[in-house]
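Q: I'm new to this one, could you walk me through a couple of parts of it?
A: Gladly, here it is.

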Amino acid sequence: MSVLPGGLRVCVESVPQYGRGLAALALTVAAGGDDDPAGRHGTAHLVEHLMFPRSGGGSAEPAGEGYAALVAGAGGVCNAETHRDHTVFHTTVPAESLPDALAWEARRLLGFAPTEDVIRTETDVIGEEIRGAGDAGRYWESALGALYPGSRDSFGTAAELAGITAGEVEAFFRAHYTAPRMVLSVVGDVDPARVMAVAGEVFAGVGVTRAAGELRATGEARAAEGPRAAGEPRAAAESCAAVESCAAEKSLAAREVRAAKEVGTASEIRTAVEPRTAERTPAAREIRTAPLPAARPGVAVGHPLPDPVADRPAYLAQAVLAQVLGRSRLPALARSARDGHRLTSATVTCGYHGQWLASAAPDLTLAVLGRAPGTEVGAAVGIWRSVLRAAAEGPLPEAEHRRAVNSLLVAWHRQADSLPARAVALGRDALLLPGSAGPDALPAELRRTTPAEVAAAARALLEGPVTVTELAPQAGTVPTARAGTEFARQAGTVPTARAGTEFTPQADTELAPQKGAVG
């Protein structure tokens with residue numbers, strides 16, 4: 001890892017055993033739904049879309065050749081996702097095209113200045129995404145909003161975006177897309193020193209505060225320049241010195257303080273690195289939320305998760321617990337509904353829309369339970385609590401605990417083989433989980449989780465606050481099956497849906513199915 005003079009952190013990992021001539025880059029930004037201005041819910045999601053304009057050219061590509069077209073022309077793929085607390089852009093290209101891809105990424109940052117017609121096009125696209133979103137996303141957002149008032153979903157509201165102006169969009173971009181709030185991570189068949197040299201060249205202007213008109217001019221100038229040479233000895237030597245300096249520093253905090261002294265933005269760095277909502281403390285009570293429409297009768301039960309930074313072992317124990325409950329104990333009850341257990345289905349997800357360690361605190365575990373005819377909401381919740389009590393009364397059987405941990409490990413290895421997944425994981429760890437030992441440390445951490453810790457995790461859910469949302473069928477409601485919006489997954493599987501923009505999706509490189517994805 002190195003910190004560029006403007007404050008942008010750059011992480012590079014050479015993994016030729018996975019890369020095989022490929023490279024992935026991810027730009028992770030500390031800006032998400034929680035940062036949307038009042039009355040403009042969805043601004044962060046809109047900015048993500050505007051980095052991939054679909055009409056009228058692009059702010060950094062006035063001739064109409066946008067970022068996605070450039071990546072596709074190099075034989076690569078790109079994608080993006082807006083979360084509650086961050087936005088991530090990830091691209092996979094042939095390793096030989098990485099210098100160009102880095103230059104394109106820098107140019108769209110430096111040249112961001114969307115026109116009104118492009119904004120209107122993208123707000124219409126987002127409106128369609130919102131209308132087509134899966135039900136389970138609403139269950140998760142309802143539980144989080146009840147436990148932590150002020151948390152916002154990543155989609156937005158079509159009505160609030162309808163009147164947004166170019167000035168408002170650029171103001172959000174300038175406030176949140178600053179260098180200290182971003183991490184650039186590169187993974188693959190790469191030479192770290194060369195990557196650092198290229199990044200230092202093409203991102204040199206990122207982090208310099210400019211007025212909107214100056215921002216446009218800078219973007220146009222850099223677009224005209226094209227990619228700079230990647231192998232200049234001076235840049236390479238500087239990048240190597242930066243790498244050695246960072247290796248000598250003992251913690252992420254030390255690196256942040258050093259960068260703050262260089263650019264005078266200590267408070268901004270602190271804001272970007274610290275979990276911005278971790279201090280919200282939910283009330284210790286049962287919170288009944290407004291009923292939500294559903295295809296079948298059910299109930300959604302939400303519980304807060306421990307802080308993945310301050311209390312990581314307890315957080316990982318919750319991931320194992322969700323796996324135990326969702327894979328064996330609750331499905332067994334659902335299968336035996338004829339014996340009076342009165343559940344027809346059950347899924348348990350841990351973390352942001354089922355993707356654990358993908359968000360800073362606050363976060364939650366969500367159980368979605370199907371109710372048999374005649375089963376009241378309270379009875380279904382009682383069954384859920386009885387299952388938790390059984391898990392809390394004593395350590396899990398060793399075999400059951402081992403199966404749960406192994407299933408999480410299998411999911412991790414599947415993700416670790418994906419270049420974009422590794423790039424995104426590195427960026428998220430640096431931005432959201434300071435002090436993390438990195439994604440490769442996770443298997444050992446999971447193996448250290450004990451049956452007793454999982455029992456303690458069940459007790460924590462029983463003793464802490466809980467949200468209860470009735471899922472009630474309405475006239476004309478029909479079950480839907482949408483690619484990329486399935487939430488019947490267990491903790492540790494490939495992540496489920498979020499607001500995002502998808503380009504050239506491919507099964508073998510997709511980081512996560514997108515909620516309302518648009519090709």
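**Strands and helices**

A: Strand S10 (residues 343-350) pairs with S11 in the antiparallel sense over 7 bridges, where pairing takes at least two DSSP bridges between two strands and a strand is a DSSP run (E) of at least two residues, numbered from the N terminus. This is a predicted model, in which local features need pLDDT of at least 70, side-chain atom pairs count only at pLDDT 80 or more, and totals for chains, interfaces and linings use all residues. Residues are numbered from 1 along each chain as its sequence is written, and side-chain values use heavy atoms, leaving out hydrogens and water.

Q: Ok, and which residue in S11 does Ser 345 stand opposite?
A: Ser 345 stands opposite Gly 370 in S11.

Q: What about S9, how many bridges join it to S11?
A: Strand S9 (residues 298-304) is joined to S11 by 7 bridges, and the two run antiparallel; Gly 302 has Leu 366 in S11 as its bridge partner.

Q: Which residues point which way from S11?
A: Leu 364, Leu 366, Val 368 and Gly 370 point one way, while Thr 365, Ala 367, Leu 369 and Arg 371 point the other way.

Q: Switching to helices, which residues of H2 meet H5?
A: His 45, Leu 46, His 49 and Leu 50 in H2 meet residues of H5 including Val 118 and Glu 122, contact being heavy atoms within 4.5 Å; helices are DSSP runs (H or I) of at least four residues.

Notes. Buried < 20%, exposed > 50% of the residue type's maximum accessible area, 1.4 Å probe, protein only.
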